[in-house]
Amino acid sequence: MPRDDGIGASVRRKEDFRFVTGQGSYTDDLNRQGQTYAAFVRSPHAHATLNSVNTSAAAAMDGVVAIFTGQDLLDAEVNGLPCGWQVHSKDGEPMVEPAHPALAQGKVRYVGDAVAVVIAETLGQARAAAEAVEVDYGVLPAVGNMTAAKSGKAQLFEEAPNNQCYDWELGDEAEIDAAMAKAAHVVELPLVNNRLIANPIEPRVAIGDYDTATGEHTLFTTSQNPHVIRLLMGAFVLGLPEHKLRVVAPDVGGGFGTKIFHYAEEAIVTWAAAKVRRPIKWTSDRSEAFMTDAHGRDHETVAKLGLDADGEFLALKVQTDANMGAYLSTFAPAVPTYLYATLLAGQYTTPLVYANVRAWFTNTVPVDAYRGAGRPEATYVIERIVEEAARQIGMDPADLRAKNFISPDAFPYQTPVALEYDSGNYAGTLEMAKQAINYDGFAARQAASKAAGKLRGIGFSAYIEACGIAPSAVVGSLGARAGLYEVANVRVHPTGSVTMHTGTHSHGQGHETTFAQVIAERLGVPIENVDVVHGDTNNIPFGMGTYGSRSLAVGGSALAKALDKVEAKAKKIAAHLMEASDTDVEFKDGQFTIAGTDKSVAFGDVALTAYVPHNFPHDELEPGLEEQAFYDPANFTFPAGCHIAEVEIDPETGTVTLANFVAADDFGNIVNPMIVEGQVHGGIAQGVGQALLEGCVYDEDGQLVTGSYMDYAMPRADNLPNFTVDTQVTPCPHNPLGVKGCGEAGAIAAPAAVMNAVTGALRAAGVTKPIDMPATPSKVWAALHAS
Amino acid sequence: MASVSMTINGKQVSGEVEGRTLLVEFLREHQRLTGTHVGCDTTQCGACTIHMNGEAVKSCTMLAVQADSAEVSTIEGLANGDELHPMQEAFREHHGLQCGFCTPGMIMSATALAKRNPSPSEADVRHWLEGNLCRCTGYHNIVKAVMAGARAMNA
Ligand code: FES
Ligand code: FES
């Protein structure tokens, strides 16, 4: 009988007790003895020279402890924030990589760019003094979007004369043009992937502390990857050695990508705490979060799909402009290139794919990874143009997809854009989703809507993602400056309880439960006796953190490897106890046995023996039962599936109602179905948000128009329906748990499904010109009334 | 400075605050009741929801002095030791939380709904939670949890 706390069980989460009782420990809940508070002086201008920064009046104010400016950082030889990925242009030149000072030096380049930091006894005093810092700005023309950046109206950096960061390509343009010329149909579609703000409900917080006795620096921060922050900040920005720098990311209230990156505030509180010899706390308010958290997406694309007379895809050509914002954030250059163009084959056998991506600097906050990072943009391009092709050639969109799917027996499948897909069954999830939404009944539902004066549309999105980030050798060859392996440490205690340390980080994903289930299953211990610890560089050997749906696929694989080592050593100890050879020992359900005998010893006895090793054969066996493993994946994993959205539009108001949404996903094996479903729900909500509600707007001159929850429409409970989600299992063939990752699927698939449904409904009303996300009532109404 | 006193989770407390001190600051900073969270500065997210005199209110929208002599309850006051309140139990049972940051506000808001409406429909719950943002769950499981929790509270 399967365990009720093992792999495959919907175990209720171990972490929930503390959260539902208000006992979570988030960064802002922490306070250090003698703590001071930081407030930042931020630029109100999108682009300006810093003529002077006069802090003397502010410094004399009540409670002010210190004020630092960009010049102080320069004098102290504090470096700028590093970028973790290098992309080369098609002419072989490296991307333009301007310095990214933690406090502006010489110029400010976006609204919110930090000019100075005020440290004071209370937050109120810090904020009041920040207002009193006199900054003389020489306001410059600014470029608030990519069109403006290309116009040359303003130039952000001397080294980027046309504001271009890189001009990159993948594939052979001449070959693709030749194939396109022979196609029976060529479908062309311009698409905008709207700029988004991740908006985890917990704003960012950073507390710096310095121990004068030991010289140890500590940073408490709202991060998805404390070791990455320690590496970037310690080695590149502040020049602090790891043994004197501890980074702690305690309970973190959602991340969605925007808490991956190393931010200026982290480096500043860490550095300044040692200067003032007091702890310093900085808590972002929501307005500051809108201005300073890295944003996501922001692509403009023209895609072309060539098909033969039977509807077979011949070639896909994609031209994309991607906004980098004012500086390069940690992962930014990789998002519209290696995490985007390499996915443009989608689930299809399209033999030729070409992408040209140009990245631009603009006077906006940096843009970087947001849930899905590159893969939602790729799915949006493919799935919108495939749906459009079906409409233009008059084929059922499901049939056109099925006709072009990579077949289940074609794996491993080498795509024309660098990746080798490991496994999949795309027809399976398409069918599953069609059944779930009752696709055959759509015509009747559409007729019923029509009778009620409404428009109804249905839209597919057959997505694929590359997850389990990442095989270090592959990403290294693509310009990543670090490997992306993971680490697990399993400590079996003398009485058989277990503490596991993981280098991944949970900020909602439920690792404390999922990883514990794997351990309970493998070691035969009850889940209550297992604790999973993450988030503190002092406890955990190393780790690359959580993003790219990597935690279970990479961190869980490291755990499986460490458990193999625990089992191997435990077998030796059991063999010693049973006076047998370890090769004869079998281990199942927490019992070691010798086949063909009635000898057996329990896991707990083995654990105790490991720590009280009387009579141990010390030449063969060390005391203790603790093992560690690093795991570097052989390949990415490739979760895939099909989501279908059905919408109803009120032509009177332009309001789009999401009538139904179904998801059929293939994440490989699943450890905790309840948690996986929750991840899918959350992703779908963010994808639907992108399609119908959310859009970050800067005006031409770089002023942030959507700077609060009043202007930036977040999905609320009454904007969404219940979702129907189901899974099919095609195990990942190259990791020990056979898992693929589930965290980003919803955000990747949903935008195209919803927009295909919206544009389908509009098309039935005679609107053939597609509209862009978000499909707000005013946009939909205008489209209907223009026709 | 002004002095305030109020009952928080059944305990009489008092303190000296500045006139502009928000109730949520009083709870979090003065009383160290950090279960009540701050997610915005425009009264939009609901992470700070508590009960005052039995009604759900956003504690970021009130001054501490406005709560003088009130009965306040926060997420910390809901469970009975290790025994969860039925709404807390429903959130756990139905996986109505992921990162947990919105959760205290959601639960406080939900218990207020359940007092008015012992058996809310899905639409009732979605409408009621309009003032509480969650970025993690897509609301699906929160809605399930609130419906189940309301029934359990009124069973
Ligand atoms: S913190 Fe009170 S509503 Fe957001
Ligand atoms: S559980 Fe994370 S915001 Fe709701």
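Visitor: What is the area buried between domain 1 of chain A and domain 2 of chain A?

Guide: Buried area is the accessible area (1.4 Å probe) that two parts lose on being put together, summed over both. Here the area is about 1,500 Å², and carbon and sulfur atoms give 52% of this. On the side of domain 1 of chain A, the most area is lost by His505(A), His507(A) and Thr537(A), together 37% of what that side buries. The model is predicted: local features need pLDDT of at least 70, side-chain atom pairs count only at pLDDT 80 or more, and totals for chains, interfaces and linings use all residues. Residues are numbered from 1 along each chain as its sequence is written, and side-chain values use heavy atoms, with hydrogens and water left out.

Visitor: How many salt bridges does the rule find across this interface?

Guide: A salt bridge is a side-chain nitrogen of Lys or Arg within 4 Å of a carboxyl oxygen of Asp or Glu. The rule finds two across the interface of domain 1 of chain A and domain 2 of chain A. Arg18(A) forms a salt bridge with Asp251(A), with the closest N and O atoms 2.7 Å apart.

Visitor: Is helix H19(A) mostly covered or uncovered?

Guide: Helices are DSSP runs (H or I, at least four residues), numbered from the N terminus. Buried means under 20% relative accessible area (1.4 Å probe, protein chains only). H19(A) is mostly covered, with 18 of its 20 residues buried.

Visitor: What follows H19(A)?

Guide: Gly766(A) follows H19(A), and the phi of Gly766(A) is positive, near 95 degrees.

Methods
Chains are lettered from A and ligands numbered from 1 in the order in which they are written. Buried means under 20% relative accessible area, exposed over 50%, partly exposed in between (1.4 Å probe, protein chains only). Helices (H or I, at least four residues) and strands (E, at least two) are DSSP runs, numbered from the N terminus.
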